Amino acid sequence: MMKIGCLLLLLVTASATRAQAPQVVDLPSRPGVTQRILVITPDKPRAAVILFAGGDGGIQTQPDGSIRRSGNFLVRSRQLVADQGLTTVVIDAPSDKQSHPFLSGYRQTEEHVADVKAVIAWLRQQAKIPVWLIGTSRGTQSVGHIATRLPRDEGGPDGIVLTATVLNDPRSRAVPEMALDRIRIPVLVAHHREDSCRVCLYSDVPRLMEKLTTPPRKELITFDGGISTGDPCEARAHHGFNGIELEVVNRIAAWITTP
């Protein structure tokens with residue numbers, strides 16, 4: 001038993017050594033502007049994903065890799081994503097948006113597209129693997145807009161994942177209102193059946209799926225269960241897949257890496 005335990009310890013240690021430690025990178029994205037990202041690179045990654053937080057998107061990534069505002073579903077699940085063999089990039093607000101209101105009112109702009117294009121280009125320089133965008137809540141407005149404005153052959157992503165999508169919002173353009181007929185890459189939609197956030201109701205998901213007529217591959221994955229506490233539009237409610245993070249991440253990773 002002692003020999004087996006020692007062998008397992010050696011294997012775990014070797015695996016940890018092969019994986020790179022999380023790194024913070026500030027990429028030039030526009031004149032005088034840098035885009036900060038946190039990167040977790042596993043051993044032999046199968047694909048790369050860029051994670052877009054909801055809310056105002058200002059997660060305040062520190063130079064040491066810590067994140068001051070880390071409660072968001074995708075942000076708190078970043079290591080779970082990397083554990084699936086995916087190079088995991090958590091994107092922050094750019095250097096010229098590092099104070100309130102951060103990305104609010106900015107997600108559907110050409111400047112935002114330029115910032116994300118720089119990150120995609122950098123990832124493709126690191127490894128020849130597919131690059132996907134994954135957004136949650138208001139992060140889906142970033143991902144949806146970029147997918148309609150930046151085709152794959154012009155530096156855009158290889159596919160997108162929309163989780164807890166903004167579906168009906170009188171204050172801003174919801175994802176179903178975008179020019180989704182421009183999308184020519186795979187689209188996965190993940191939603192909790194009991195999401196009771198007023199702008200992300202599950203009953204509005206069919207309208208989104210009906211608008212996705214041009215992706216070569218699309219699917220809706222519906223989740224149940226978990227724990228819902230507090231504001232129904234916040235990260236610890238069903239809206240944020242609270243309590244079922246691993247299940248959601250596993251299903252998304254499997255879909256991304258399926259040919």
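What follows is a short chat about a predicted model.

Reader: What should I know before reading the numbers?
Author: This is a predicted model, where local features need pLDDT of at least 70, side-chain atom pairs count only at pLDDT 80 or more, and totals for chains, interfaces and linings use all residues. Residues are numbered from 1 along each chain as its sequence is written, and side-chain values use heavy atoms, with hydrogens and water left out.

Reader: What is the mean pLDDT of the protein chain?
Author: The mean is 93, and 93% of the residues reach 70 or more. pLDDT is the predictor's confidence in each residue, from 0 to 100.

Reader: Where is confidence lowest?
Author: In helix α1 (residues 2–18), at a mean of 38. β6 is highest, at 99. Helices (H or I, at least four residues) and strands (E, at least two) are DSSP runs, numbered from the N terminus.

Reader: Which residues stay under 50?
Author: Residues 1–17. Contact means heavy atoms within 4.5 Å.

Reader: On to α4. What does its buried side pack against?
Author: The buried residues of α4 pack against β1 (23–30), β2, β3, β4, β5 (131–136) and α5. Among those buried residues are V119, I120, W122 and L123. Buried means under 20% relative accessible area, exposed over 50%, partly exposed in between (1.4 Å probe, protein chains only).

Reader: How do the axes of α4 and α5 cross?
Author: At roughly 85°, and they come within 10 Å. Axes are lines fitted to C-alpha atoms, for helices over the stretch in contact, and angles run from 0 to 180 degrees between N-to-C directions. So α4 is roughly perpendicular to α5; that term covers 65 to 115 degrees, with under 35 roughly parallel, over 145 roughly antiparallel and the rest oblique.

Reader: Which residues make the contact?
Author: E110, H112, V113 and V116 of α4 meet S142, H145, I146 and R149 of α5.

Reader: Loops now. Which residues does the cis peptide bond join?
Author: H100 and P101, with omega about 10°. P101 sits in the loop between β4 (86–91) and α4 (110–126). Most peptide bonds are trans.

Reader: What is the phi of K44?
Author: It is positive, about 55°, although K44 is not a glycine. K44 is exposed, at a relative accessible area of 71%.

Reader: And A164, buried or exposed?
Author: A164 is buried, with a relative accessible area of 0%. Its phi is also positive, about 50°. A164 lies in the loop between β6 (159–163) and β7 (187–192).
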